[in-house]
Each structure stands twice: as structure tokens, then as C-alpha cells.
Amino acid sequence: MIQDFWDDVLLFKGLYDRTLDPVAQRCGLTRMELDLLLFLHNNPGHATAAEAVRLRRWTKSHVSAAVHALEGRGLLSAVHPPGNRKVLSLTLLPAAENAIRQGTAAQNRFVETLNRGVSPEELALAAQIVQKIARNIRDLEKSEVIP
């Protein structure tokens, strides 16, 4: 049963990829570039490269490459705040609107597909269970003792 759960998690990821990959292709972006644009759009309070790395668990090198490419295309502005070379503040530019609109529409279709036939109560219970599992993982990571 637990293996089925983790197999299903991979199903979610596969569907998400099949939903977003065509958007990235249409917009002339890599998936990482589209994912970063959507992350910034969906998480305006976390508009730094470090936050993207921390929250999405992306590698610094992938985020750095995406930032550089998006800057070059005029979709993103990346600046270091005065006196702080460690933080890279990211700002979406108007040219990114089309990719963000298409990407958020695809994300909405993905969520609608997942939620089809599932009651609000079932969704709430599923969210509680996933949050508990995620908390267990975060606690384990903090202890640095992996079983």
C-alpha cells in the first residue's frame, strides 16, 4: 500500500510535466525557466534566487542558469540589494506575462484534473496527511540522521 502511494506521487509529477512541457516549448523556454517564472509569480513574498533554491529544492546552478537566460530575454530582472552580494532579488518583467498566463492556465488545468470527483473534505484530509509526511521529512533533515 505505501509503495502504491509513492508510485502515485510519481504519476502526479509525470502529469505535471506533460502539462507544463508544451507551454515551455511554445514560449521558447526550458522547463526550469518556466518553473522559475511561475514560482516567482505564485510566491511573490519569496522573490530571491535563494528562496527558489530553498523552497523548490532546485540546485543553485540550475536557478542561476535560468536567471541568466531569463534576464537575457528581458523576462526577469535580477539585482543584488545594496551592500549584499549574497542575495539576488528577482523581479518579473512585463515581457514574461504571456508565459506566466499560459503557465498558470496549465497549472489550473492540472489541479482541476487532480481534484475531479474529490470532495472538499477529502482534499482537506489529503492535505493534512501530506503535510504530516512533509513535516516528518523536514524533521529528519534537520536531525541530519537519515535512516
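Which residues are linked in a network of salt bridges? In this predicted model, in which local features need pLDDT of at least 70, side-chain atom pairs count only at pLDDT 80 or more and totals for chains, interfaces and linings use all residues, the network links K13, D17, D21, R31 and D35. Residues are numbered from 1 along each chain as its sequence is written, and side-chain values use heavy atoms, with hydrogens and water left out.

The protein chain holds 6 helices and 2 strands, both taken as DSSP runs numbered from the N terminus (helices: H or I, at least four residues; strands: E, at least two). Read from the N terminus on, the order of these elements is α-α-α-α-β-β-α-α. Along the principal axes, the C-alpha atoms fill a box of roughly 50 × 40 × 25 Å. Of the 147 residues in the protein chain, 28% are buried, where buried means under 20% relative accessible area, exposed over 50%, and partly exposed in between (1.4 Å probe, protein chains only).

A search of the whole structure finds 7 salt bridges, each defined as a side-chain nitrogen of Lys or Arg within 4 Å of a carboxyl oxygen of Asp or Glu. One of them joins R31 to D17, with the closest N and O atoms 3.2 Å apart; because R31 lies in helix α2 and D17 in helix α1, this pair ties together parts that are 14 residues apart in sequence. R31 also meets D35 in a salt bridge (3.2 Å, N to O), and here both residues belong to helix α2, 4 residues apart, about one turn of the helix. R31 counts as buried at 17% relative accessibility, and D35 is buried as well, with a relative accessible area of 15%.

A further salt bridge is formed by R57 and E141, whose closest N and O atoms are 2.8 Å apart. This pair links distant parts of the chain, since R57 sits in the loop between α3 and α4 and E141 in helix α6, 84 residues apart. R57 is exposed, with a relative accessible area of 54%, whereas E141 counts as partly exposed at 36%.

The largest pocket has a volume of about 1,800 Å³. A pocket is an open set of points on a 1 Å grid over the protein atoms alone, where a 1.4 Å probe fits, with protein on both sides within 12 Å along at least five of seven lines, and its lining residues have an atom within 4 Å of a point. The lining of the largest pocket comprises 38 residues, of which V9, L55, R56, V130 and R138 lie nearest its centre. At least two lining residues are supplied by each of α1, α2 (31–42), α3 (49–56), α5 (97–115) and α6 (120–143), and the largest share, 12 residues, comes from α6. By class, this lining has 22 nonpolar, 5 polar and 11 charged residues.

The second largest pocket has a volume of about 150 Å³ and is lined by A49, A50, V53, K60, V63, S64, K86, V87 and L88. The elements that give two or more residues to this lining are α3 and α4 (60–72). By class, the lining of the second largest pocket has 6 nonpolar, 1 polar and 2 charged residues.

Terms used: Points joined across faces, edges and corners; volume = space filled by probe spheres on them. Nonpolar A, V, L, I, M, F, W, Y, C, P; charged D, E, K, R; others polar.
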